[in-house]
Amino acid sequence: MKILKLVVGALCILLGLHWFGQGTLFFPWPSNPAMDGHSEFVVYGIVTACLGAGIIWYAQRRWPRS
């Protein structure tokens, strides 16, 4: 389960960075007029990348043993 969380977290970070790049026109590939230069995709990208970082952090936590 830990490996699955790490993979999902990494994919969320990559997707978020892609959306951020599309929204800021820093990464205009593939050319998609629905995403290029729209500020809501900047916000979606930041939120998705932070969600992915949170998933990775959660997967790396060590639970206290009793």
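Q: Why is W19 called partly exposed?
A: W19 has 24% relative accessibility. Buried means under 20% relative accessible area, exposed over 50%, and partly exposed in between, with a 1.4 Å probe and protein chains only. So 24% puts W19 in the partly exposed class. Bear in mind that this is a predicted model, where local features need pLDDT of at least 70, side-chain atom pairs count only at pLDDT 80 or more, and totals for chains, interfaces and linings use all residues. Residues are numbered from 1 along each chain as its sequence is written, and side-chain values use heavy atoms, with hydrogens and water left out.

Q: How do you know whether F41 is buried or exposed?
A: F41 has a relative accessible area of 17%, so F41 counts as buried.

Q: What makes F41 and Y44 an edge-to-face pair?
A: Rings of Phe, Tyr and Trp (its six-membered ring) pair if their centres lie within 6.5 Å; planes under 30 degrees apart count as stacked, over 60 as edge-to-face and the rest as tilted. The ring centres of F41 and Y44 are 5.6 Å apart and the planes sit at 90°, so edge-to-face it is. Both residues lie in helix α2, three residues apart, which is about one turn of the helix. As a rule, an α-helix has 3.6 residues a turn, so residues three or four places apart point the same way. Y44 itself is partly exposed, because its relative accessible area is 44%.

Q: How many aromatic pairs are there by this rule?
A: The count comes to two. In the pair of W19 and F41, the ring centres are 6.5 Å apart and the planes meet at 70°, so that pair is edge-to-face. W19 is in helix α1 (residues 2-23) and F41 in helix α2 (residues 39-60), so the pair ties together parts that are 22 residues apart in sequence. Put together, W19, F41 and Y44 make one aromatic cluster.

Q: What counts as a helix here, and how many helices and strands does the chain have?
A: Helices (H or I, at least four residues) and strands (E, at least two) are DSSP runs, numbered from the N terminus. The chain comes out with two helices and zero strands.

Q: Which residues of α1 are buried, and what do they pack against?
A: G9, C12, G16, G21, Q22 and G23 are buried, and the buried residues of α1 pack against α2. Q22 has a relative accessible area of 1%, so Q22 is called buried. Contact means heavy atoms within 4.5 Å. Leaving aside neighbours within four places in sequence, Q22 is in contact with F27, P28, W29, P30, M35, D36 and G37.

Q: Where does H38 lie, and why is it called partly exposed?
A: H38 lies in the loop between α1 and α2. Its relative accessible area is 30%, so H38 is partly exposed. H38 and G23 are 15 residues apart in sequence but 5.0 Å apart in space, C-alpha to C-alpha.

Q: How many disulfides are there by this rule?
A: A disulfide is a pair of cysteine sulfur atoms within 2.5 Å, and the count comes to zero. C12 is in no disulfide, as the nearest cysteine sulfur, that of C50, is 11 Å away. C12 counts as buried because its relative accessibility is 17%. C50, at 52%, counts as exposed.

Q: What does the radius of gyration of the chain look like beside that of a compact globule?
A: The radius is taken over C-alpha atoms, and the globule rule is 2.2 Å times the number of residues to the power 0.38. A compact globule of 66 residues would come near 11 Å, but the chain has 15 Å. The C-alpha trace spans about 55 × 15 × 15 Å along its principal axes.
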